[in-house]
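Biologist: I'm new to this one and would like a tour. Could you put it up on the screen and let me ask as we go?

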Amino acid sequence: MILNIRVDHKIADINTMENSTATLEDLIQDLSKKYEVQESISLNTCNRAEYYLVLNELKDVDMDWNGYESNFVIEKDEKALKHLLKLASGLESMIIGEDQILGQIKDAKKAGLKDGSCGTVLDCVFNKAIHVGQSVRHKTNINRGFVSIGSAAVELAESMHGDLKCKKVLVVGAGKMGTLVAKALVEKHLKAIVVSNRTYDRAVKLAKELGGYAIHFDRFMEAMSDADVIISATGAPHPILTYDKVKKAVPPHRRSSLVMVDIANPRDIEDRVMELGVKVFNIDDLRGIANKNKKLREKEALQAEKIVEEELDLLLNSLKHFKIEPVLRDIRKKMEIVRTKETQKALKKLGDLQGKEHVVDNLTRSVVDKILYDMILNLKKAAEEDDESLIETCKLLFSVK
């Protein structure tokens, strides 16, 4: 069984997302104690937290969720696989067509391979998802233009201030999300962009690409005093822009015109900052822009859906082939033992072949491959059609356990 358990922007706001992350970890730990989890990959972004698990075959009635199902989307097998393919294609993102999710899926798979939690099944599944994501972007225009959480954050700031050309923008965080913001800002040809990051060298690099300047992280409060827009995207585990800090850094006469956009998860900006009269927005506030983006890409999304459906059928068949792989492996092993033994007998009878022994060896390999060819095709077809009787008959014929 392949299981997907998730909480994302479709079922939760940013506050619920933050609170659900720890609960999801508890659920996975609980499942690992009760059932044999053979493989797992986790995927965490600013607006989703997901797990993909491979478990022993279990019936729905066997699963004990302890009430967890009310907080998460829980899907298995075909539905879980379809979700991943759609996710890789950008169809499940808040900003339809965004490219970042594809990189995040690649990173999740790499992490799973590195820590040993990703086995042959999830490796196959995630490779297919990555292929589908690339194919959708190649065959459709779903990702045309700037489509990211970063670009949406900049668009939101523009909706408050109008043209940003004469505004000072402070970007807090130079990681992946901060870089997305930066790319969107470059398109606006701004004159004053300040970047602050815990790793100063990274801030310097990003600022150079933007044509702006970097400041040390412990000085970003100084830059807030005359900023018009602050976009925060750090990986801090707690708010870094608190009520007290903002009150101290931003003069009272500038607070009503200051726009702060928080695209971090967990959030960087404390809720109470709004009490100062500052316009504060978070990921939830990007939904309006996301809906506008979705309407613009409806035609491309339909085309992408068709690609996903076609590729899903291929993936399901590939996974069914895993079922008969042990059978095929044992058959090949038995055939190879017979081939090797009979080849050696023939070579002894033929005597000195003056270095042409490989001709006989290649001949016997070719004969075995041709004998096995139709058998393998029929076994794969039986697996695809769930023909258990034919598979069992084949096991019996070749004495495969």
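Biologist: In what order do the 6 strands of the open sheet with parallel pairing come?

Modeller: Before that, this is a predicted model, where local features need pLDDT of at least 70, side-chain atom pairs count only at pLDDT 80 or more, and totals for chains, interfaces and linings use all residues. Residues are numbered from 1 along each chain as its sequence is written, and side-chain values use heavy atoms, with hydrogens and water left out. Helices (H or I, at least four residues) and strands (E, at least two) are DSSP runs, numbered from the N terminus, and two strands pair if DSSP finds at least two bridges between them. The order you asked for is E7-E6-E5-E8-E9-E10.

Biologist: Which strands are at the edges there?

Modeller: Look for strands that pair on one side only. Neighbouring strands of this sheet are turned by 20 degrees against each other on average, direction ignored; axes are lines fitted to C-alpha atoms, for helices over the stretch in contact, and angles run from 0 to 180 degrees between N-to-C directions. The edge strands are E7 (213–216) and E10 (279–282).

Biologist: What is the bridge partner of Ile 231 in E9?

Modeller: Strands E8 (residues 229–232) and E9 (residues 259–262) pair in the parallel sense, over 4 bridges. Within that pairing, the partner of Ile 231 is Val 261.

Biologist: Which strands does helix H5 touch as it packs on the sheet?

Modeller: H5 covers residues 149–161, and its direction makes about 160 degrees with that of E9. Contact here means heavy atoms within 4.5 Å. The strands touched by H5 are E8, E9 and E10.

Biologist: How many Å apart in space are Leu 164 and Val 229, C-alpha to C-alpha?

Modeller: In sequence, Leu 164 and Val 229 are 65 residues apart. In space, the separation of Leu 164 and Val 229 is 8.8 Å.

Biologist: Now the sheet with antiparallel pairing: why is one side of E2 and of E4 left without a neighbour?

Modeller: This open sheet has 4 strands, in the order E2-E3-E1-E4. E2 (37–45) and E4 (73–76) stand at the edges, so each has a single partner strand. The twist averages 15 degrees from one strand to the next.

Biologist: What is the bridge partner of Ile 5 in E4?

Modeller: E1 (residues 2–8) and E4 run antiparallel and are joined by 4 bridges. The partner of Ile 5 is Ile 74.

Biologist: How are H2 and H12 oriented to each other?

Modeller: H2 (residues 77–88) lies across E1, E2, E3 (48–55) and E4. The axes of H2 and H12 (residues 298–350) come within 10 Å and cross at roughly 130 degrees. Angles under 35 degrees count as roughly parallel, over 145 as roughly antiparallel, 65 to 115 as roughly perpendicular and the rest as oblique. H2 and H12 are therefore oblique.

Biologist: And how are H6 and H7 oriented to each other?

Modeller: The axes of H6 (residues 176–186) and H7 (residues 200–210) come within 10 Å and cross at roughly 15 degrees. H6 and H7 are therefore roughly parallel.

Biologist: Which residues of H7 make the contact with H6?

Modeller: From H6, the contact takes in Gly 178, Thr 179, Ala 182, Leu 185 and Val 186. The H7 residues are Leu 206, Glu 209 and Leu 210.

Biologist: Which residue does a cis peptide bond join to Asn 265?

Modeller: Omega for this bond is about 5 degrees.

Biologist: Last one: is Gln 354 buried or exposed?

Modeller: Gln 354 sits in the loop between H12 and H13 (357–384). Gln 354 has a positive phi of about 55 degrees although it is not a glycine. With a relative accessible area of 69%, Gln 354 is exposed.

How values were computed: Buried < 20%, exposed > 50% of the residue type's maximum accessible area, 1.4 Å probe, protein only.
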